[in-house]
Amino acid sequence: MIALVEIIKGGTTLEELFVFFLLFSISLIIYFSSKNMQPIYFLLISFSFRKESISRIIQGFFITYTLLLVSILLLLKLGIVFSVTQYNDISNTIKISQGFVQPNSLGLVLFIILVSYLYIKTQRNEEKENKNILTFVGFFFEFVIVYLLYKSGVRSAQFAVIIAYSYYFIIKIKNKEMKIKILVSTTYLLFFSSILLSLFSLNNKVLSQSGIWHSLDGFFSYRFSMGYLYYLKSGLSFFGKPFSYLDNNIYQINITVDNFYQHVLLNLGLVSFFAILLYFMFTLNYIFKKNQLTLLIPFVSFIIYGLGESSIMYFYAGFIFYFIPLFYKDYNEMI
């Protein structure tokens, strides 16, 4: 409905309509092949928000997820919902959900809140007389969210938040030339490393009991070997295949593909995988070209988060797919 209203109210060029309906047709083919609606959702929302301020989009996610977190914690305190504790005997870790359905859901919410807040924090230009009060409140807020993330035990979210904070401090470097060099080299290194690591881990060496692949697999809680086992079952396709659980395996548990890049490749197919890679590459190019460096905080941390979680493929979490406004010539949001 939002996309239809956007078309009806005018301001949409014939070129935009052509591209929209072309991508919509491809998304439908992917849906019929994979039974996954996410590409259609992303297309509709991205089209609707294509001329919106990215800052407002991120602020919307920050407010929504903060309210969600506060609501769940209040319901937990009132005894209406209950916390779930998970013990992962593969990675030997304990996770606490704090009222959410599962700990990984809590980790996703805390991750989005923190990266959104760091982005907003770098843009904020506080009045001098209020700065000390707001700084204290902000510090206390960050401390609470980081503490909850630590207690959750969700390592993927924790590691991605470390990346977000690293970018936050790099962006504060005064020497502009040095800052750009560090950001460009680090960003493309992390980007291509994440993609190549996810692809090359689909080999039988991850099932061995020694070697670099076995060590990497253990570090990522055996996500690579699970992805490889699913790859053996499903294979590759152009437009994807329905995603299902693999319950007959060496781990004797239901196998899910938690790596975002592998999930897209195996579930949504080669067309979606290369389309997302192109989108990521163009987005990074425009971030540097239009000097929107603060966007690297959420964008790169999401790329890293995708190594251990497939959550960003859902339209209600992966707001980096709403960065379409960057592609418009007149978009130059001041930071």
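## Salt bridges and nonpolar cores

Author: In this predicted model the count comes to 6 salt bridges, a salt bridge being a side-chain nitrogen of Lys or Arg within 4 Å of a carboxyl oxygen of Asp or Glu. Local features need pLDDT of at least 70 and side-chain atom pairs count only at pLDDT 80 or more, while totals for chains, interfaces and linings use all residues. Residues are numbered from 1 along each chain as its sequence is written, and side-chain values use heavy atoms, with hydrogens and water left out.

Reader: Why is the pair of Arg50 and Glu16 called a salt bridge?

Author: The closest N and O atoms of Arg50 and Glu16 are 3.4 Å apart, and the limit is 4 Å, so the pair is a salt bridge. Arg50 lies in the loop between α3 (38-48) and α4 (54-77) and Glu16 in helix α2 (residues 14-34), so the pair ties together parts that are 34 residues apart in sequence; helices here are DSSP runs (H or I, at least four residues), numbered from the N terminus.

Reader: What makes Arg50 buried or exposed?

Author: Buried means under 20% relative accessible area, exposed over 50%, and partly exposed in between (1.4 Å probe, protein chains only). Arg50 has a relative accessible area of 3%, so Arg50 is buried, and Glu16, at 15%, also counts as buried.

Reader: How do you know which class Lys121 and Glu142 belong to?

Author: Lys121 has a relative accessible area of 24%, which lies between the two limits, so Lys121 is partly exposed, whereas Glu142, at 8%, is buried. Their side chains meet in a salt bridge at 2.7 Å, N to O, and the pair links helix α5 (residues 103-123) with helix α6 (residues 131-152), 21 residues apart.

Reader: What makes the separation of Lys181 and Glu177 about one helical turn?

Author: Lys181 and Glu177 are 4 residues apart in helix α8 (residues 176-200), so about one helical turn separates them. They form a salt bridge, with the closest N and O atoms 3.6 Å apart, and both residues are exposed.

Reader: Why is a set of residues called a nonpolar core?

Author: The name applies because the set consists of buried Ala, Val, Leu, Ile, Met, Phe, Trp, Tyr and Cys residues joined through side-chain atoms within 4.5 Å. The largest such core here has 76 residues, and those with the most contacts inside it are Phe280 and Phe323. Helix α11 gives the most to this core, with 14 residues.

Notes
Helices (H or I, at least four residues) and strands (E, at least two) are DSSP runs, numbered from the N terminus.
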